[in-house]
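Could you walk me through this structure in my viewer, stop by stop? Please tell me what to select next and what is there.

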Amino acid sequence: MLHDLLSLRQASSSTFNCSSYSKSSNKLAVVQKNAIFILNFKNGLLKKESVKMIPKDEYYNDYKLGEPQATVFPIIRKHATSQPEVDFLKGSLSECFFPSLGGGFQLLATSTSNGHVFLFKSPYISSTSSNYFWEKVSSLSDLTYQILIDPKINEKIDENDSVWIDRNINARPLVRQFESVSNLEYKKRTEWMDIQSMDWSPIMIDGNIENTGKKSKSTNTNDSIITLLSLGTKRGIIFFKCIIPTSSDTFTSDNISFLCFDEYDDWVTAIKWKPSLFSSKINNSNNNNNNNNNNNNNNNNNNNNNNNNNNNKQISITSQNQNIIAISLGDGSVNLSKVDSDGNVTLLYNIIEKDYNVATLLEWSPPNENGETYLFICKGMGFYLYNFEKKQLSCLFLKHRATITCISFSDYYHFSTSSLDNNIIDFKIQSNFWNSLLTQESLQPTSVNYLPKDDDKGLGIYSLVTSPNKLITVYLENLPPGITMYHSKSVTSRLNLAYRDPPFNFQSFKQAFLNKFEKEKSKDLWDYFIYINVYPGESILEFINEICPDDNDKGFNSNALVTRCRFVIKLFYILKKKSKDLLSKEIEDKINYYKHYINLNYISECLKEFNRYFEQKDKVVLEDYQRISLSLMAHHLKATDGEKYLNIYNKIMKIVSDGQTKPITDHCFYCFAEFNFSEGTIESFIECRECESILERCSRTLLLLSSPKTLNCDFCCSKSLVLAGEDIKEQPDEAIVDNETFEISSQEYQFPWVKNLFSNDQICIYCSTPLNGKINAEDVYALK
C-alpha cells in the first residue's frame, strides 16, 4: 500500500496533461493546461524550477495554412465568437548533457493544442540561481510552417479530393485566409502541424545536413555532438537537429534546425528512441570524474586521466551515428526503424502488424548487465513486452481495468504501470521470463496499489515516476470538480510523493543508505534523503550517533573520512529541520568539529591545486583579493598544525608576497577597518572591532562576504562568493536595492584553482550540495 509523504495541490485551472522524467538529471517536467514547471529531485532537495511562459499572443494565434478550395467533410465552419482556449499538451526532456552534481544542460520540447511547438533550455550549466527559469530558445512549429508554405521546398498538391474525410471533427472558426489551396494540400499541412507524440534521440554525430527540408547526402562532417528531436504527427515524423554546445558555449536558436519530413500512411501515435549504451557510459564517466574531484583527490595523474577520459568520450561518440526508434501508427502496427544523423529512416521490421488497436505508449527498459533491453507497448488496458535481442513478443497482458496512462522502469527487472482505474501496479521480470512460453500467468504483479482519493472520486493516475532505488513513487492525478467545498470551481490536480507502508526496516535502510553514499558520492540518492523523513527524529539521531567518526578513527583515509563527515552533516540538517528539539550541544559540537576537519582538508587541497596551477603557468600576476585569499588559507593551516603544513605555508607565502615586506591585510567592508590575520586560525565569523559588525567569510575562498550576491547551501547554510563564470539569473527587487549599488557590489572573482578542484561544479565544501544563488535582503540593507 502506498502512503503519501508529500502532496502538492495545484491551482484549479491547471490540470495535468503529461509529464516527462529524465533519469540522467533526476528532473520531472510537468505539463499543465496553461503552465509548465520542472521538479528537481537531485541531492534530496525537492526544488521547483519555473519555465518562463510565452506571451499568449505567440501561441494563441493559429497558423494560416490556407483555405481549402473544395468541401472537406466533416470540417464544421462556424463564426468565431471568442478566442478558443489553447492548452499545452505534450512535453519531452532531452538527455542531460554535461551532467554534474548541480544538474547539467538540458532541453525541453512542448506542444500546444493548436500546433505550436516550443523549445526551452535549462539555465546555463554554470548558473547557480535558486529560482532560475528555463527560457524559450525557438519556435519549432515556425520552422515547420516556413517549410510547408515554401513552394521551393514543399511542392504543392493542386488537385482536390471530394471524398476526403477529416478525422479531426472538432468545429473550426470560419476565418478567411489569404491563400487558397486544394483540400489535399490543406490536409497535408494540417496533418504535419498536428503533433501526436515527441521524443529525443540519444547522442549522435552530425551528418552536416543542409537545411532544405529534404534528405540529402552529407558533404562533410564536423564531428559535432547532436541530438535529434522527433515529432510524431498525423502524417509522419518531423526531425529537428540540435547541435549540443561545448561546456564553454551557450545554446541559441542557431543550434537547432529543421532536418526533414518522414511520411507514413497513418498517424504516428507514439515514438520512442532506444537508449544508447555509450551515452550512459559517457554520463556515468563524467559523473565519476566530478565525484573524484569533489573528494579533493586531485593530483597530476588524475588530471591526466580526466583528460584521457574526455578524449575517449569524443572517440566513442564519433562511432555512433545511427540509432533505433520504435514507431506506433494509427492502424495499430508497431515497427522498429534505424535512423541516422541525417534523418534517413530505414525500416527494420514490424513488431506488431495492423490490428487497428492503437498503441498509445512506448517505453524501452534500461539495459541489464548484458546490455539487453525490451520494449513496453501499451494498447488500451493491456500491454505487450518485446525482447529486442531475441525478437520475441509476449502475449497481451491485461492487468488493469481502465486505460494505462504511464509506465516507469526502476531497472531492467522492475517496472510499474498507472491507469485511470486509480491503480499503480508493480511488476518484476524473472530471470527466466524470456525462456518460457509467455502467457498471462508468466507475469504477475508483485503489488497492486489502489489509491482512492476523496470518496473514490479521483479521475485516475495520469503520470508515474519510480525513484532510482524504488523507495519513492511520484504520481500525478486530476480530480473532478466539487470534491470539497474549498475546490468547487473546476477540476483540480495534485502531485504526490508516496512510500510503501509499512516502511522498510530502519536497520536495513540506514546500512544501505550509508553504503550507497560512500560508494556513489550522492549520485542517484535523492530518494534516500527524502525517504529518511518517514522515520521518527529519534531514529535519525540514533543513526547519526552510530556513524559519527571518532577523533582517532584509523579505519578511514582522509578522503573516506571527509565523505563520512559530509554524510553526517547532511543527516544533521535533515534532523534539524524535522525535530530541532532533539539536537544537543554535544551533537552540534561534533558537527562543528567535522566542518573544521573538512575545511582543513579542503584548504590543503586547494593550496596544492593552486601550486600546480602556478607551476604550469609562465607568469601569474595575482590580484590583491587572490593574495588575501591564499594568505588566509596558508595562515589557517599554519595556525592549525604549523609543523605539518610548514612547507606548503612557506611556498604559498613566498608566491603571494612576491618580495614585498608589507603585511597582507583584510578589511571590514562597512567601515574599512583593517584586520591583521598573522596569528590564530581563520574563523567563519568575525566581529569588527571598530563598527562591531558581524562579518561572514566565503566558504570557498575565506574572503569576507562583501556582496549581497552569494551562493548558498540549502542543507548546511554555508555561503560563498560568486566566482567568475557563475551567473545568478535573478536580480534584486528595486525596493531592496538599486541596480547601481547591486552591480558595484558584484566584483568578478577569478579563482581558477578553486573551480578546477571541483571540475567547475558549484558545490558546498561541507556536504557536497549544489550551491544556489540567493539575494539576501538583510545583507543588501547592511551594504547600503
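Here is a short tour, beginning with a sheet and ending with a pair of cysteines.

Before you start, note that this is a predicted model, where local features need pLDDT of at least 70, side-chain atom pairs count only at pLDDT 80 or more, and totals for chains, interfaces and linings use all residues. Residues are numbered from 1 along each chain as its sequence is written, and side-chain values use heavy atoms, with hydrogens and water left out.

**Stop 1: a sheet of four strands**

Helices (H or I, at least four residues) and strands (E, at least two) are DSSP runs, numbered from the N terminus. Select β1, β34, β33 and β32: in that order they make up an open sheet of 4 strands with antiparallel pairing. Two strands pair if DSSP finds at least two bridges between them. Now look at β1 (2-9) and β32 (461-466), which stand at the edges; each has a single partner strand, so one side of each is left without a neighbour in the sheet. From one strand to the next, the twist averages 25 degrees, with axes taken as lines fitted to C-alpha atoms and angles running from 0 to 180 degrees between N-to-C directions.

Zoom in on β1 and strand β34 (residues 492-500), which pair in the antiparallel sense over 7 bridges. Here Leu 8 stands opposite Leu 495 in β34.

**Stop 2: aromatic rings**

Next, colour the rings of Phe, Tyr and Trp (its six-membered ring), which pair if their centres lie within 6.5 Å; planes under 30 degrees apart count as stacked, over 60 as edge-to-face and the rest as tilted. The structure holds 50 aromatic pairs. One of them is edge-to-face: Phe 239 and Trp 273, at 6.4 Å centre to centre and 75 degrees between the planes. This pair links distant parts of the chain, with Phe 239 in strand β17 (residues 236-243) and Trp 273 in strand β19 (residues 268-273), 34 residues apart. Buried means under 20% relative accessible area, exposed over 50%, and partly exposed in between (1.4 Å probe, protein chains only). Phe 239 is buried at 0%, and Trp 273 is buried at 4%.

Then select Tyr 499 and Tyr 531, whose ring centres are 6.0 Å apart with planes at 85 degrees, so this pair is edge-to-face. Tyr 499 belongs to strand β34 and Tyr 531 to helix α7 (residues 526-531), so to speak two distant parts of the chain, 32 residues apart. Tyr 499 is buried, with a relative accessible area of 9%, and Tyr 531 is buried at 0%.

**Stop 3: charges over rings**

A charge sits over a ring if NZ of Lys or CZ of Arg is within 6 Å of the ring centre and within 35 degrees of the ring normal. Show Lys 48 and Phe 37: the charged end of Lys 48 sits over the ring of Phe 37, 4.5 Å from its centre. Then show Lys 274, whose charged end sits over the ring of Phe 388, 4.8 Å from its centre.

**Stop 4: salt bridges**

How many salt bridges does the structure hold? There are 21, where a salt bridge is a side-chain nitrogen of Lys or Arg within 4 Å of a carboxyl oxygen of Asp or Glu.

Select Lys 272 and Asp 199, which form a salt bridge with their closest N and O atoms 3.5 Å apart. Lys 272 lies in strand β19 and Asp 199 in strand β14 (residues 195-200), so the pair ties together parts that are 73 residues apart in sequence. Lys 272 counts as buried at 19% relative accessibility, and Asp 199 counts as buried at 6%.

Move on to Asp 426 and Arg 500, a salt bridge whose closest N and O atoms are 2.2 Å apart. Asp 426 is in strand β30 (residues 423-428) and Arg 500 in strand β34, so parts 74 residues apart in sequence are tied together. Asp 426 is buried, at 6%, whereas Arg 500 is partly exposed, at 27%.

Now find helix α10 (residues 585-616), which holds both Glu 605 and Lys 608, 3 residues apart, about one turn of the helix. Their side chains meet in a salt bridge (3.8 Å, N to O). Glu 605 is buried at 12%, while Lys 608 is partly exposed at 38%.

**Stop 5: two cysteines**

A disulfide is a covalent bond between the sulfur atoms of two cysteines; here it is counted as a pair of cysteine sulfur atoms within 2.5 Å. The structure holds 0 disulfides. Select Cys 713, which is in no disulfide; its nearest cysteine sulfur, that of Cys 767, is 3.4 Å away. Cys 713 is buried at 3% relative accessible area, and Cys 767 is buried at 0%.
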